[in-house]
Amino acid sequence: MLHTTQLYQHVPETRWPIVYSPRYNITFMGLEKLHPFDAGKWGKVINFLKEEKLLSDSMLVEAREASEEDLLVVHTRRYLNELKGNGHERDFMGDKRVYIMDVYNRHIYPGDRFAKQAIRRKVELEWGTEDDEYLDKVERNIEKSLQEHLPDVVVYNAGTDILEGDRLGGLSISPVGIVKRDELVFRMVRGRQVPILMVTSGGYQKRTARIIADSILNLFGLGLIGPESPSVSAQNSDTPLLPPAVP
């Protein structure tokens, strides 16, 4: 049966593959200002990047939400119901095509022992882990992961809940450490000519938006993201450059 959907859209070549919607920003009669989580983080990231003249509205791809009917074209209802505990880990349990590497505070995550079995490379950290140890472990384990499983595409969950002072993350990574982490991941993945999609994920402090924007600006300045142009470094000029999605 044919399925009518509004999900897909033509994306002009003038736009970057940066996906954003104002609907990502949660508001409720101003009460969101009292919550420790910055519910407008994603809009602030976009505004920072506009202020730095990196982006304009005409360069963004606005997200469209998939309806249940859209999802049922390619998934069973049982599968969609199962998306409700640790989604991606339970979803791909036993699927050898998918390789999950996860770096986390072992005292608080994942908490789901069954889902944890799906993590092929577990990098467990202690409370208060700082930049040097964190970056060393990320680098060494990404290298090993890419040796074990060279992917067709990498989905990079670039959370900022590792930031020092985040009560949920429990780690002590500095803003500079987060920028270096993102740079490290992109260099290692792009160095193997593998496309990468970055999602900005968790992060529960008011200052995370500025850090995410600084990281994106750093990646752009290094030629690791952005449209094809003469300014892009030679080693990257023959492959499509995928800027991070900002969900």
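1. A salt bridge is taken here as a side-chain nitrogen of Lys or Arg within 4 Å of a carboxyl oxygen of Asp or Glu. Under this criterion, the side chains of Asp95 and Arg97 are joined, with an N to O distance of 2.8 Å. The structure is a predicted model, in which local features need pLDDT of at least 70 and side-chain atom pairs count only at pLDDT 80 or more, while totals for chains, interfaces and linings use all residues. Residues are numbered from 1 along each chain as its sequence is written, and side-chain values use heavy atoms, with hydrogens and water left out.

2. The two partners of this bridge fall into separate accessibility classes (buried: under 20% relative accessible area; exposed: over 50%; partly exposed: in between; 1.4 Å probe, protein chains only). Asp95 is buried at 19% relative accessibility, whereas Arg97 is exposed at 70%.

3. Searching the whole structure gives 13 salt bridges. Among them is the bridge between Glu124 and Lys116, whose closest N and O atoms are 2.8 Å apart. Glu124 is partly exposed, at 33% relative accessibility, and Lys116 is also partly exposed, at 25%. A further salt bridge connects the side chains of Arg181 and Asp182 at 3.0 Å, N to O; both of these residues are buried.

4. Glu52, Arg210 and Asp214 belong to one network, joined by salt bridges that share partners. Arg210 also has its charged end over the ring of Phe48, 4.4 Å from the ring centre. The criterion for a charge over a ring is that NZ of Lys or CZ of Arg is within 6 Å of the ring centre and within 35 degrees of the ring normal.

5. The whole structure contains 4 aromatic pairs. Rings of Phe, Tyr and Trp (its six-membered ring) pair if their centres lie within 6.5 Å; planes under 30 degrees apart count as stacked, over 60 as edge-to-face and the rest as tilted. Tyr104 and Tyr109 form an edge-to-face pair, because their ring centres are 5.4 Å apart and their planes lie at 65°. Tyr104 is buried, with a relative accessible area of 4%, while Tyr109 is partly exposed at 25%.

6. Tyr156 and Phe186 are likewise edge-to-face, since their ring centres are 6.4 Å apart and their planes lie at 75°. This pair links distant parts of the chain, 30 residues apart: Tyr156 lies in strand 5 (residues 154-157) and Phe186 in helix 7 (residues 175-190). Helices (H or I, at least four residues) and strands (E, at least two) are DSSP runs, numbered from the N terminus. Tyr156 and Phe186 are both buried.
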